[in-house]
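Subject: Structure handover

Hello,

Here is the structure I promised you. Please load it first, then read my notes below.

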Amino acid sequence: MHAVMDYRPALRERSGVGEYVHELARHVAAAFDAGDSLTLFSASWRDRLDPAAVPGARIVDRRVPVTLLNYAWHRLEWPPVERLAGRSFDVVHSAHPLLTPARRGARFVTIHDLDFLEHPERTAREIRRDYPALARAHARRASRVVVSSQATAADVERRLGVNAARVVLCPAGAPGWAAALRHDTPKRHVLFLGTIEPRKNVGGLLDAWARVLALVPDALPLVLAGRATPEAGPVLARLLDAPFKDRVRHLGYVSDTERQALYADAAALVVPSFHEGFGLTALEAMAAGVPVVAANRGSLPELVGDAGLLVDPEDADALARALLTAAFDPAARARLSAAGRERAARYSWTGSATRLIEAYRAAAAEPPAS
């Protein structure tokens, strides 16, 4: 069996989706039989795909502008991936909700959440232009729809009309590096890790943090780590004034090594998002024994369960109380740390890769769709 996976979300600075694509590709390549092959597809005018990105995978790296290819693929459904790759495939796996054009083979799409349908104002560029208009039809045409949570699976079945038998659940896995982090070091900050964008509710987090500082003036600093979108300007401007000046730091995008160090020094991780399709940072924190405060929205209750503190992301007082408990109450921190590690152990990249390969084989054996 020969499969091709769109690797473009992992090409540069990997967000949660990019990390998901990278790790899933890495584990699929490792689990494939000797006669199988996984090809990673990338296209960019500026950025090149590292040939060693995923051991065992083949590479197709084309110098085509991202916006041009996205428009051609989304709106014209051309050119077929075979033309760009120079070969045919049994499975063609898109990393997002819209199909990758192909002459033959089973076609998979990946849907992490449907927030682009509920709140298109939180999106931009191709996502705002194409996803709301095309996602339903593409999901119904796909051989399989890959999701990372039961919450998204239910949304895909209900809102897009996809039969449950064609939905493949492949959650992210706990990171291997987390077990090696020390838990007995002094804590230096409370951590938010993610893209600074409207859906992540960083403005609401700052409202809650102002309440924390009013109650605990010498509280640990809040660290915001992640790339900022253009829409984040007003939120980041708040960091220049009291009470946040010198008490909240924005680091921008951080490397893998820097991210691990941030977890090691964190008294707690906060995920205040209005919606998450999975919540990879919450899983990483739990695996590292870092107490988690998360919104009670989207897939986060499914992922975190009773191993973290779940709150309404629009209730700044409740979010502040949860942060005070998770970051500064020793007994609560110990309980949440142990519960988080235990819960994170349920999530395995190997298990998700095995499930995905089984879906590849089943879809490839089906007769072509008319």
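The sheet comes first. Seven strands form an open sheet with parallel pairing, in the order β3-β2-β1-β4-β5-β6-β7. Two strands pair if DSSP finds at least two bridges between them. β3 (58-62) and β7 (167-169) each have a single partner strand, so one side of each has no neighbour in the sheet. From one strand to the next, the twist averages 20°.

A word on provenance. This is a predicted model: local features need pLDDT of at least 70 and side-chain atom pairs pLDDT 80 or more, while totals for chains, interfaces and linings use all residues. Residues are numbered from 1 along each chain as its sequence is written, and side-chain values use heavy atoms, without hydrogens and water.

Helices (H or I, at least four residues) and strands (E, at least two) are DSSP runs, numbered from the N terminus.

Inside the sheet, β1 (residues 2-6) and β4 (residues 91-93) run parallel and are joined by three bridges. A3 has V91 as its bridge partner in β4. α14 packs on this sheet and touches β1, β4, β5 (106-110), β6 (144-147) and β7. Its direction makes about 145° with that of β5. Axes here are lines fitted to C-alpha atoms, for helices over the stretch in contact; angles run from 0 to 180 degrees between N-to-C directions.

Next, the helix pair. The axes of α1 (residues 16-31) and α14 come within 9 Å and cross at roughly 70°. The two helices are therefore roughly perpendicular (65 to 115 degrees). Contact means heavy atoms within 4.5 Å. Among the residues making it are Y20, L24 and V28 of α1, and W349, L356 and Y360 of α14.

Now the core. A nonpolar core is a set of buried Ala, Val, Leu, Ile, Met, Phe, Trp, Tyr and Cys residues joined through side-chain atoms within 4.5 Å. Buried means under 20% relative accessible area, with a 1.4 Å probe and protein chains only. The largest core has 66 residues, and V28, L38, F108, L191, L356 and Y360 have the most contacts inside it. Helix α14 (residues 349-365) gives the largest share, seven residues. Another core, of 33 residues, lies apart and includes A267 and A318.

Beyond four places in sequence, Y360 touches M1, A3, M5, V28, F32, V91, H93 and F108.

Last, S42 in β2 (residues 37-43). S42 counts as buried, at 0% relative accessibility. Its contacts beyond four places in sequence are R8, L11, L49, V60, D61 and R62.

Best wishes

Conventions. Buried < 20%, exposed > 50% of the residue type's maximum accessible area, 1.4 Å probe, protein only. Parallel < 35°, antiparallel > 145°, perpendicular 65-115°, else oblique.
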